[in-house]
Amino acid sequence: MSPATARGSALSALVGNTPVLRVSEPFTPPDRGFWAKLEGFNPGGIKDRAALYMVERAHARGDLLPGRPIVESTSGTLGLGLALAGTVHGHPVTLVTDPGLEPSMTRLLMAYGARVDTVAEPHPVGGWQEARRTRVAELLQEIPGAWCPDQYNNPDNVAAYAPLALELADSLEQIDVLVCSVGTGGHSAGISRVLRRLRPRLRLVGVDTIGSTIFGQPARPRLMRGLGSSIHPRNVAYDEFAEVHWVAPGEAVWACRQLATLHYATGGWSVGAVALVAGWLARTLPASARVVAVFPDGPQRYLDTVYDDAYCAAHGLLDVLPAPDPQVVARCDEEEITRWTRCTRITDPLSARADVRDGGAAR
């Protein structure tokens with residue numbers, strides 16, 4: 001084995017087998033609680049799994065040739081994973097971001113050897129994500145032999161999370177409810193599909209941010225990064241969800257800080273939003289129900305936002321106490337959502353629009 005191959009194998013071995021933590025107060029009474037899979041213990045977060053797997057499968061198919069460039073759009077976490085995959089497999093990596101990416105994350109990506117390309121203006125329809133994807137398409141034309149993982153639509157982004165599902169099954173004999181944040185849709189679909197083969201009655205609960213279009217809400221500027229979308233990724237498995245919750249930034253900040261203070265567990269917007277929802281489920285479902293949440297990342301990129309008092313005060317995020325229960329809507333598009341809200345009727349917005357065009361009713 002060459003030194004480069006040995007180094008790559010050692011780096012890949014850092015990903016996976018992350019710990020599980022029981023979380024209770026203040027999200028639940030002390031005799032209740034939920035279990036959290038701490039994916040922030042991966043070098044870059046949960047998307048290390050997807051980045052390595054997508055690159056490996058592209059190699060196997062011949063889509064990505066040795067030494068050729070990787071180009072992708074990212075709000076940060078997948079970028080860390082692709083920088084790792086580039087180091088492991090010997091590829092230069094170009095990451096297309098937007099001005100909302102934290103300066104600390106930009107510096108970190110560059111330190112890991114990635115080139116960072118920042119778009120200047122949002123797309124008039126698809127916002128920053130569509131602007132980034134348009135720039136990726138331009139770079140693919142400009143850079144000979146470049147390959148894009150297309151995390152939003154690549155089925156390998158879903159399949160990458162089978163090992164995580166099996167880790168959960170090994171750690172926890174009983175899993176009744178799985179709570180996942182939703183962005184590209186990869187980990188919620190990948191984990192739930194595998195777990196459901198082992199536990200057919202598993203309920204999947206999605207967590208989104210206000211201002212995200214994924215479940216049919218209008219697109220609005222979003223503070224929260226790492227979950228939500230201004231486009232409709234095809235990896236989102238709408239049929240798998242029993243319900244979806246939207247969480248506002250101030251509510252996520254409250255949850256993040258409670259986790260840090262009382263459980264020494266830290267992460268970003270997704271972690272706070274997922275903890276808020278998982279805690280509510282754990283205290284309102286029967287005591288016998290086992291609720292499991294996936295915490296996608298750690299705190300590093302959020303030290304200047306979620307954990308910064310000046311930033312939070314400037315955005316009205318301090319001293320926000322979430323309601324004890326979510327607001328409930330009958331349909332995902334019933335009204336514009338501005339605070340923690342729950343819906344149990346899930347539809348694919350694109351399919352619903354097609355039904356309307358065809359004269360039928362959305363399911």
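Student: How are residues numbered, and which pLDDT do local features need?
Tutor: Residues count from 1 along each chain as its sequence is written, and side-chain values use heavy atoms, with hydrogens and water left out. In this predicted model, side-chain atom pairs count only at pLDDT 80 or more, totals for chains, interfaces and linings use all residues, and local features need pLDDT of at least 70.

Student: At what angle do helix H9 and helix H10 pack?
Tutor: Helices (H or I, at least four residues) and strands (E, at least two) are DSSP runs, numbered from the N terminus. Axes are lines fitted to C-alpha atoms, for helices over the stretch in contact, and angles run from 0 to 180 degrees between N-to-C directions. H9 covers residues 249-263 and H10 residues 269-284; their axes are 7 Å apart, and the angle is about 85 degrees.

Student: Is H9 roughly perpendicular or oblique to H10?
Tutor: Angles under 35 degrees count as roughly parallel, over 145 as roughly antiparallel, 65 to 115 as roughly perpendicular and the rest as oblique. The angle between H9 and H10 is about 85 degrees, which makes H9 to H10 roughly perpendicular.

Student: How do the residues of the contact of H7 with H8 divide by class?
Tutor: Contact means heavy atoms within 4.5 Å. Ala162, Leu164, Ala165, Leu166, Leu168 and Ala169 in H7 meet Ile191, Val194, Leu195 and Leu198 in H8. Ala, Val, Leu, Ile, Met, Phe, Trp, Tyr, Cys and Pro count as nonpolar, Asp, Glu, Lys and Arg as charged, and the others, Gly among them, as polar. The division is no polar, no charged and 10 nonpolar.

Student: Is the crossing of H2 and H3 left-handed or right-handed?
Tutor: H2 (residues 47-61) and H3 pack at about 45 degrees with axes 7 Å apart, and the two are therefore oblique to each other. A crossing is left-handed if the near helix is turned anticlockwise from the far one by less than a right angle, and right-handed if clockwise. For H2 and H3 the crossing is right-handed.

Student: What volume does the largest pocket have?
Tutor: On a 1 Å grid over the protein atoms alone, a pocket is an open set of points where a 1.4 Å probe fits, with protein on both sides within 12 Å along at least five of seven lines; lining residues have an atom within 4 Å of a point. Grid points are joined across faces, edges and corners, and a volume is the space filled by probe spheres set on the points. For the largest pocket this is about 660 Å³.

Student: Which helix gives the largest share of the lining of the largest pocket?
Tutor: The lining has 39 residues, with Ser75, Gln129, Arg222, Leu227 and Gly228 nearest the centre. H3 (77-89), H5 (127-142) and H8 (186-198) each supply at least two residues. The largest share, 4 residues, is from H5.

Student: Where is proline 26, and is the peptide bond from glutamate 25 cis or trans?
Tutor: Proline 26 sits in the loop between strand S1 (20-23) and strand S2 (34-38). Most peptide bonds are trans. From glutamate 25 to proline 26, omega is near 0 degrees, and the bond is cis.
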